[in-house]
Number of protein chains: 2
Amino acid sequence: MQALSAYHTVFQNYLTENDFSYEPKELYEPVNYILGIGGKRLRPLLALMGCELFSKNINRALPIAMAVEVFHNFTLLHDDIMDDAPLRRGKPTVHVKYNINTGILSGDVMLILAYHFLQSTEGSVTMTHKLWAIFNKMAREVCDGQQMDMNFESRNDVTLSEYIKMIELKTSVLIAAAFEMGAVAGGASLKQAAPLYEFGKNVGIAFQIQDDLLDTFGDPATFGKKVGGDIVQNKKTFLVLKTFELANSAQKTALTILMATPTHDELAKITAVRTIFEALNVQQHAERAMDDYLQLAFAALDETTLSGAKKTYLKEWANELNMRRK
Amino acid sequence: MQALSAYHTVFQNYLTENDFSYEPKELYEPVNYILGIGGKRLRPLLALMGCELFSKNINRALPIAMAVEVFHNFTLLHDDIMDDAPLRRGKPTVHVKYNINTGILSGDVMLILAYHFLQSTEGSVTMTHKLWAIFNKMAREVCDGQQMDMNFESRNDVTLSEYIKMIELKTSVLIAAAFEMGAVAGGASLKQAAPLYEFGKNVGIAFQIQDDLLDTFGDPATFGKKVGGDIVQNKKTFLVLKTFELANSAQKTALTILMATPTHDELAKITAVRTIFEALNVQQHAERAMDDYLQLAFAALDETTLSGAKKTYLKEWANELNMRRK
């Protein structure tokens with residue numbers, strides 16, 4: 001297995017070689033724009049890692065890496081329209097920089113381009129047919145997850161298990177499928193690849209819980225986004241839903257009022273909500289949940305016949321991604 | 001070959017069997033809604049007809065028929081948002097009946113569902129791989145065409161040949177691909193199916209020119225939409241672009257002013273524009289262009305080894321679709 005930076009370089013080079021300088025430029029320029037403003041490239045990296053578990057030739061998974069990254073950015077593009085988000089990775093979102101119609105149509109063509117890349121994967125048609133099935137299922141689940149997320153905004157009875165299901169669909173299945181498809185492109189059978197899907201899915205859930213944690217308790221110097229943003233937006237995160245599970249009636253009432261009352265004093269609101277979280281140790285509960293999902297991920301890994309060195313590599317990667325040092 | 005009504009019944013039954021009563025219902029209910037408000041089912045019919053040219057079992061093409069109809073309705077759904085259209089087939093559009101976010105996300109999932117149906121086509125993986133390639137190319141071209149159409153709105157130098165290219169991409173390639181994919185599912189080789197694609201493409205271009213003609217010169221009693229709508233919306237149709245090709249400078253100036261000046265008297269505007277069209281015989285030019293494209297379609301058909309009876313059936317169908325009696 002290679003250093004993460006090596007996978008990153010391989011993917012960035014492929015992205016540069018495959019830039020979208022097509023006509024009509026009004027359609028494809030936004031595609032280049034959103035793919036160009038960076039991101040961690042977590043999903044392409046997983047596709048390449050999944051491939052290398054079974055093959056020395058990670059180039060076989062490059063079209064898959066591209067498909068999952070283009071698909072991921074399609075979801076960001078359309079989600080940003082739905083949320084009317086002004087910024088993405090510190091830059092204007094596509095519908096702000098261009099306009100909403102461009103955002104809709106360029107997003108549509110990205111979804112189609114993802115299928116193009118997937119189909120161009122070298123190998124037998126039997127193999128690409130498997131990739132197609134994995135991708136179709138994943139893509140639909142991501143839409144289901146996005147709809148659940150939107151439904152949660154107007155509901156006051158969302159449970160923690162519903163929330164976990166939502167982040168599994170909206171976020172984790174793509175991480176899982178990227179890893180699984182990479183493995184299939186590397187020569188894994190569907191049976192060999194299935195536990196890798198489980199590994200990716202559970203790492204993805206832990207990663208999303210970490211995202212909730214960092215948004216409220218992260219270090220402003222390194223977080224990248226504004227700490228407390230979820231609180232200001234009244235998002236029903238893991239922390240909020242765990243609080244409603246654990247809180248006494250006074251705490252429930254306080255949090256409900258804080259979330260329902262518009263305020264100009266964002267800092268005071270953040271401090272007040274965080275005080276409730278801290279009184280109930282929800283930070284520790286979230287960390288424990290992360291660890292539980294990582295243990296599920298590692299258990300899936302232990303079902304595979306991968307070498308001990310490869311398993312160790314993947315566990316260290318998952319721990320590092322989730323800032324866990326156990 | 002069967003009567004058109006027989007294909008229609010087969011498809012409608014399949015559509016009913018495959019209704020989208022899934023969760024989350026907020027995502028799938030709009031899918032059922034737009035598929036339920038009708039339409040001619042032209043594309044599914046072509047998929048079934050294409051299949052029957054090579055196989056007695058038209059059921060093999062039903063997933064393709066569904067894929068092209070779901071894809072077509074996905075484009076209508078997103079186009080209606082981009083155009084902010086209030087009505088579709090006399091009913092409220094999805095983004096009006098629900099909301100824009102629902103329109104975007106339900107459209108996205110329809111595009112994915114189209115790929116699902118396509119993949120579920122029975123047959124060898126080699127065959128479904130061919131379908132996938134045809135579909136990918138078509139889907140991307142439809143986006144290109146929609147972008148060209150949007151670009152035309154703000155341009156004053158659109159040529160007739162650019163317009164033909166736009167309608168080819170936006171409308172005809174889907175009609176062509178539906179026919180070609182149906183044939184492939186029926187057992188045709190790509191070489192056998194290629195002229196059928198050309199047939200469908202040229203019939204589709206004629207059909208779109210007819211749409212322009214009917215919008216201005218159609219019988220209000222049978223047209224279904226408001227006659228003159230294109231004129232009111234200053235659309236750069238075949239009629240307008242042909243007029244700019246043929247007009248003297250006074251006529252050009254008159255049409256330019258009519259298209260640039262907001263008016264509350266729609267009827268006066270429709271009458272004035274139609275008078276210019278009539279002075280230049282653009283109706284006859286459009287009819288001649290339709291005939292030219294139908295002749296191209298028939299020439300493609302004559303390249304095939306289909307029986308004379310099948311060729312006659314397809315020519316009669318194309319003539320009837322385009323209300324030509326030659």
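Is E162(B) buried, partly exposed or exposed? At 24% relative accessibility, E162(B) counts as partly exposed, where buried means under 20% relative accessible area, exposed over 50% and partly exposed in between (1.4 Å probe, protein chains only). This is a predicted model, in which local features need pLDDT of at least 70 and side-chain atom pairs count only at pLDDT 80 or more, while totals for chains, interfaces and linings use all residues. Residues are numbered from 1 along each chain as its sequence is written, chains are lettered from A and ligands numbered from 1 in the order in which they are written, and side-chain values use heavy atoms, with hydrogens and water left out.

**Interface of chain A and chain B**

- The contact (heavy atoms within 4.5 Å) takes 39 residues from chain A and 39 residues from chain B.
- Between them the two chains bury about 3900 Å², 67% of it on carbon and sulfur atoms, buried area being the accessible area (1.4 Å probe) that two parts lose on being put together, summed over both.
- Of the area that chain A buries against chain B, 19% is supplied by Q119(A), W132(A) and R140(A), more than by any other three residues.
- Zero salt bridges are found across this interface, a salt bridge being a side-chain nitrogen of Lys or Arg within 4 Å of a carboxyl oxygen of Asp or Glu.

- The same surface serves both copies, since 100% of the contact residues of chain A recur in chain B.

**Salt bridges within the chains**

- Over all chains the structure holds 29 salt bridges.
- R155(B) forms a salt bridge with E162(B), with the closest N and O atoms 2.9 Å apart, and R155(B) is partly exposed at a relative accessible area of 25%.
- Salt bridges that share partners join K165(B), E168(B), E198(B) and K201(B) into one network.
- In chain A, E198(A) and K201(A) form a salt bridge whose closest N and O atoms are 3.3 Å apart; E198(A) is partly exposed at 31%, whereas K201(A) is buried at 14%.
- The side chains of K235(A) and D230(A) meet in a salt bridge of 3.9 Å, N to O, with K235(A) partly exposed at 41% and D230(A) buried at 9%.
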